[in-house]
Amino acid sequence: MSSPKVLFGFHAVGVRLKTAPQSIVEVYFESSRRDARMRQFLDRAKEAGVRLIEADALRIAKLAGSHGHQGVAARVEEIKDTRTLNELLEDLEADGVKAPLLLVLDGVTDPHNLGACLRVADGAGVHAVIAPKDHAAGINATVAKVASGAAETVPYFMVTNLARTLKELKDRGIWIIGTSGDADKHLYQVDLTGPTALVLGAEGDGMRQLTRKTCDALVSIPMQGAVESLNVSVASGVCLYEALRQRVATGAVAVGGAVGTAKI
């Protein structure tokens, strides 16, 4: 997993300040913004010993490639996780994690959707997100901004052959559950407390046929209104938090430990 060379927004830059301040080359901040949030951010940056540069909104927008920078952008060094997916799973096993939870995204090419999926994956305690190299968005500054720091914390693996990777996960005892609008069972009828990889496709096209065939089971999300489908990031949230709900209910995850409270 690698990080973009530019991060922007309070959440994305703030998480890097917290997790790897030594990787930050410099932080640009909008000098005309003097509110409490900016003051708190600058205090943290100064405590971390980061180089601060005053700039106007236009300069920061050019650096970030977006006007949604909130007055903050940072040049950073890439942080690479040299582990493979197999090594990560072996590390989880060594750490006593008996039921890993994975999110597989097939065909999600929009960076805003990917960022939102990473954010909900972090919140739900997902151990890794997996996507195909040839049919997916990579991590960039937009993804990092939308992810609100989760692009820094959730391992994201882009694999050459998704179907083969899913088969390898099955060999490890991980249950592959795909989502499809025409599935016989719905999400709330399956056990998600064991080792699980939830597979979601892009809105509209859904999973590719080979991915679908590789799944152990297919489930649908019940839809009560006129809308036929959900955005993939919303669907990810529904599925992942149902898995988390089941794990909390069975004691697999302790409330007050790994589980916190979302800020709405």
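**Exercise 1.** Which residues in α5 meet which residues in α10?

*Solution.* The model is predicted. On the α5 side, the residues in contact are Asn113, Ala116, Cys117, Val120, Ala121, Gly123 and Ala124. Their partners in α10 are Val232, Ser233, Ser236, Gly237, Leu240, Tyr241 and Leu244. Sorted by class, this contact has nine nonpolar, five polar and no charged residues.

**Exercise 2.** Describe the second largest pocket by volume, lining and class of residue.

*Solution.* The space in the second largest pocket amounts to about 510 Å³. It is lined by 23 residues, of which Thr179, Ser180, Gly181, Gly206 and Ser229 are the closest to its centre. Elements that each supply at least two lining residues are β10 (196–201), α9 (209–214), β11 (217–220) and α10 (232–249). By class, the lining has nine nonpolar, nine polar and five charged residues.

**Exercise 3.** Identify the salt-bridge partner of Arg16 and locate both residues in the chain.

*Solution.* Side chains of opposite charge can pair when their charged atoms come close. The partner of Arg16 is Glu152, with the closest N and O atoms 2.5 Å apart. Arg16 lies in helix α1 (residues 10–19) and Glu152 in helix α7 (residues 150–153). The pair links distant parts of the chain, 136 residues apart. In total, the structure holds 10 salt bridges.

Notes. Residues are numbered from 1 along each chain as its sequence is written. This is a predicted model: local features need pLDDT of at least 70, side-chain atom pairs count only at pLDDT 80 or more; totals for chains, interfaces and linings use all residues. Side-chain values use heavy atoms; hydrogens and water are left out. On a 1 Å grid over the protein atoms alone, a cavity is a set of points where a 1.4 Å probe fits but cannot get out, and a pocket is an open set with protein on both sides within 12 Å along at least five of seven lines; lining residues have an atom within 4 Å of a point. Grid points are joined across faces, edges and corners, and a volume is the space filled by probe spheres set on the points. Helices (H or I, at least four residues) and strands (E, at least two) are DSSP runs, numbered from the N terminus. Ala, Val, Leu, Ile, Met, Phe, Trp, Tyr, Cys and Pro count as nonpolar, Asp, Glu, Lys and Arg as charged, and the others, Gly among them, as polar. Contact means heavy atoms within 4.5 Å. A salt bridge is a side-chain nitrogen of Lys or Arg within 4 Å of a carboxyl oxygen of Asp or Glu.
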